[in-house]
Amino acid sequence: MNRFRASKFRHTEARLPRREGHQNVSLPAFGLQHSPSLQLPSQATLVPGRPILHSHASADLASTRNIPLSFSCRRGRGGPCHRAWPRASQHHRNVPASAWIGGIRAGSVVSCGNHVKASCRWIAFNAEAAGVLGIVPLECEDGGKRTVSQLCCHSDVVTDFDFSPFDQLLLATGSADETVKVWRLPESGQDMPGGAGLTLGPMGGPVDVLQFHPTADGILASGAGKRVTVWDVGQQQPLTALDSHGDQLQSLAWKPDGRLLGTSCKDKKLRIFDPRASPAASQSVLGHENNKDSRLLWMGSSDCLISVGFSQMREREVKLWDTRRFSGAMLTMALDTSPGAAIPLYDADTGLLVLAGKGENLLYLFEVAPAQPALTQVTQCRTEGGTRGLAAVPRLALDVMACEVLRVLQLTDTALVPVSYLVPRKSIQDFHEDLFPDCAGTLPATGAQAWWAGDNQQVGRVSLHPARRSTETFSSPVIACTQLQAADASSTEADADRSEGSSYSSLSSPGSAATSLSASTGPSSGFASSPSQKSLQSILGPSSRFRHTQGRVLHRDTHLTNLRGLSLTTPGECDGFCANHQRVALPLLSAGGQIAVLELSKPGRLPDVAMPTIQNGVAVADLSWDPFDPRRLAVAGEDAKIRLWRIPEGGLRETLREPEAVLRGHTEKIYSIRFHPVASDLLVSSSYDMTVRIWELSTGREALCLRGHTDQIFSLAWSPDGKKLATVSKDSRLRLYEPRRSPQPQQEGPGPEGGRGARLVWVCGGDYLLVSGFDSRSERRILLYRAQALLEGPLSVLGLDVAPSTLLPFYDEDTSVVFLTGKGDTRVFLYEVTPEPPYFLECNSFTSHEPHKGFVFLPKTVCEVREVEFARALRLGQSTLEPVAFCVPRVKKEYFQDDIYPPTRVWWESALSSSAWLAGEDGQQRRASLRPADMRPVSEAPKEAPARKFVPASVYLEQKSDEQKKEELLSAMVARLGNRDDPLPQDSFEGVDEDEWD
């Protein structure tokens, strides 16, 4: 009978914090009962009210959901056993003070991470904005209110993150941008860091999973693609790489004693590694028969494992493994057929396992006994919202005096819900040693180099007894604390300069208005950053003031929809379509090179009937609008001719068949065409005949012909002043021309290595060239050249990702931000380009829900400056054209942000004529301010006085005389006690007659 002794956790109840309109539900003590619909294999032993026993046992819990599932005894003296039915909990006393955290908006990141993690100080979770984590204190302060802050981590989505088990402020984040960053979070009440303490990578692919080492400080394991890398974080160097995986990693887990590492993989195998002995797996076994998301956990420092995944029949299942007999699972339990991947959390000190399916509102609690082996369901809890993520709170943060044995945090779409698991005890004033054994402390047993050399010391265990609990804390030297201390010390020295503000926005929850976390993913200040922020930047390196740029698709009312018959096969040298501030030109798939011209002032659904088009006559190779004449469209055809079309005022009303002019001169197909940025009536074209020709449109003649190319010309670009022309070609060469001086290149230099395609654009006032292309391994990259020294090669090279399409760059000369994306991509990269190292400052990228067929930017004048919008683009989808606005988050938008909007070039006015330019003259366009007449520049805004700190009463009283103090004290006492001349309540009572006493 000892084998079936009752568990001390069998009456555990799940309790949720109350909020208006919410009911707590607790379903305790489930085992398994006989049921006609329940089938077990012949090897299983089924005992009423007992756990599943024997190896390879399997059961379907879903089929038992609506029947009595077990017999259990409420703790008492000699009372009979009662059948436990699912019931609503009526016990709410002694619930730990864990408030519902509402008013947030969680992200919908598709990754192998848990999407929420907790240390003893902070909770981190995936926010809606890409690359942003929400950060909130674990404990309530200030009367139950907690402030949710934003940590802008990466330029792409954050896929996984983990807190150090020793330093409660150390957070590692991994991202689809292929980097891992380590952050030191502040003490409560301080600003979030403006930059990472250190960066690891690139990883060669998106980071999938992260986990700190359980015994050694400064060891971090990261999984990307098929590789696990073990890092010495302090040295920022990899210690080893584990490459034995046959497919995408799905999870990794350190054994709590720090010796071994386990992984699960999309190739359906579980692997065990000893990273210090060999990079190859020491053991492997077929885990779950379906390659959907699987998870692996160690059961404490024992040799047993828990895995969660899907069977061949797509049933969710839990398996127990013993690495000493790793050929098959000790026990298999089928859960249900839900499609959501199960998130497991295991507490080694209690043996409790929590399972929650993504997108579901049911949390299972099991007790695991590996020695038998057995899995016993203790309780299940139904919550209000579906699960986006799940995390366990460290044992050192539990309310042990309320018998809270486990607390998990459920991340839903709009809230963080703490779920506490409590064991009912009659005495709540005593510490129950049987429920709370000593747990691992927060002091590391060893360091990174010592562990790598073979040190296997274990972390000391500490008591959870409130009177004996250790107060010793640990601060990891991985990121020096002196950085923040120095930054804080400098915060009192000088007033903040005009800048982009702090790196997070604050929300109060609960109690404040429910504001979306994603409403602002950037600065909360309108125009000032703290000196501590600037001090940190001087330590950690420069960061872009546009790093928190938000890209958002504008309202559907501004879209053009029901686009039909679009040509998606335009050459790689073409952007796919073109637009100006009035209209857009879209090549169509129909024969004859038809082009649709749509007015941007008339959004909405296009009719199903045929619309008037331009009949170009041949397939379109490239097209471009004249910047000085919004009604003139130049179209390059595959017949080596350029046709000029004039659009009627108000748009096309009938099909155009006759061009305004036709330019002849090229002998082979044309690649691309570009209008001159300063002079009117000038157009440049490149062709398969290896020539670049400049056309004077006013006369319809070829004015200049540039030679010197030996292979296909990928791209060409005018310098901002219109004096020079740069090209990049398939022979991996850059060429710089001064067309009016010589038909041969003035300079040549090495270009991108790959021959798959390239683009170039002038940046930084025309002193530098930015080139996008491929390397020899087909990785997309960008290169920065000094225009006067092409022969020296690139100043900086930045690898981005691996994709087939060429990156199309757009450069905003007013902000020095370059936007890069390719046809067929879903992501737009943003970088601020500077003439000093590190040259490229990363900004938040924009991600769309579906691949775009083209991405073209509109002139600066269409931007809504009141929303701090500094760029607007048109995204071409399968059948829609959507405007996308790029904004810088600012709080005080009532001011014109003149740090974002310098006087802009009047691009719609030419500075000189084509004949004047050809004659050798140069011109410069005037500049104009975008500031509306009713807005005041932010640089002229009054500086805000610093918030006054609380002044103690002693300081306040010292400023008054003794007589004033006495008078104020007396007045306060009288006000508190009331006027002594006022009648007492009993004075108004009336007596009764003597006979009434009878």
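Predicted model: local features only at pLDDT ≥ 70, side-chain atom pairs only at ≥ 80, totals over all residues.
Reader: How many bridges join strand S51 to S52?

Author: In general, two strands pair if DSSP finds at least two bridges between them. Strands are DSSP runs of E with at least two residues, numbered from the N terminus. Here, five bridges link S51 (residues 692–696) to S52, and the two run antiparallel.

Reader: And what order do the strands of the open sheet have?

Author: The order is S49-S50-S51-S52, four strands with antiparallel pairing. S49 (670–675) and S52 (701–706) are the edge strands, each pairing on one side only.

Reader: Okay, rings now. How do I read an aromatic pair, and how many are there?

Author: Take rings of Phe, Tyr and Trp (its six-membered ring): they pair if their centres lie within 6.5 Å, and planes under 30 degrees apart count as stacked, over 60 as edge-to-face and the rest as tilted. By that rule the count is 20 aromatic pairs. One of them is Tyr671 with Tyr688: the ring centres are 4.3 Å apart and the planes sit at 45 degrees, so this pair is tilted.

Reader: Why does that pair tie together parts that are apart in sequence?

Author: Because Tyr671 lies in strand S49, while Tyr688 is in the loop between strand S50 (682–687) and S51; the parts are 17 residues apart in sequence.

Reader: Are Tyr671 and Tyr688 buried or partly exposed?

Author: Buried means under 20% relative accessible area, exposed over 50%, and partly exposed in between (1.4 Å probe, protein chains only). Tyr671 is buried at 1%, whereas Tyr688 is partly exposed at 31%.

Reader: What about Arg759: where is it, and is it buried or exposed?

Author: Arg759 belongs to strand S57 (residues 759–763), and it is buried, with a relative accessible area of 5%.

Reader: Which side chain does the Arg759 side chain make a polar contact with?

Author: A polar contact is a pair of N or O atoms within 3.5 Å; within protein, one must be able to donate a hydrogen and the other to accept it, and residues adjacent in sequence count only if both atoms are side-chain atoms. For Arg759, the partner is the side chain of Asp575, at 2.9 Å.

Technical notes. Residues numbered from 1 in each chain as written. Heavy atoms only, no water.
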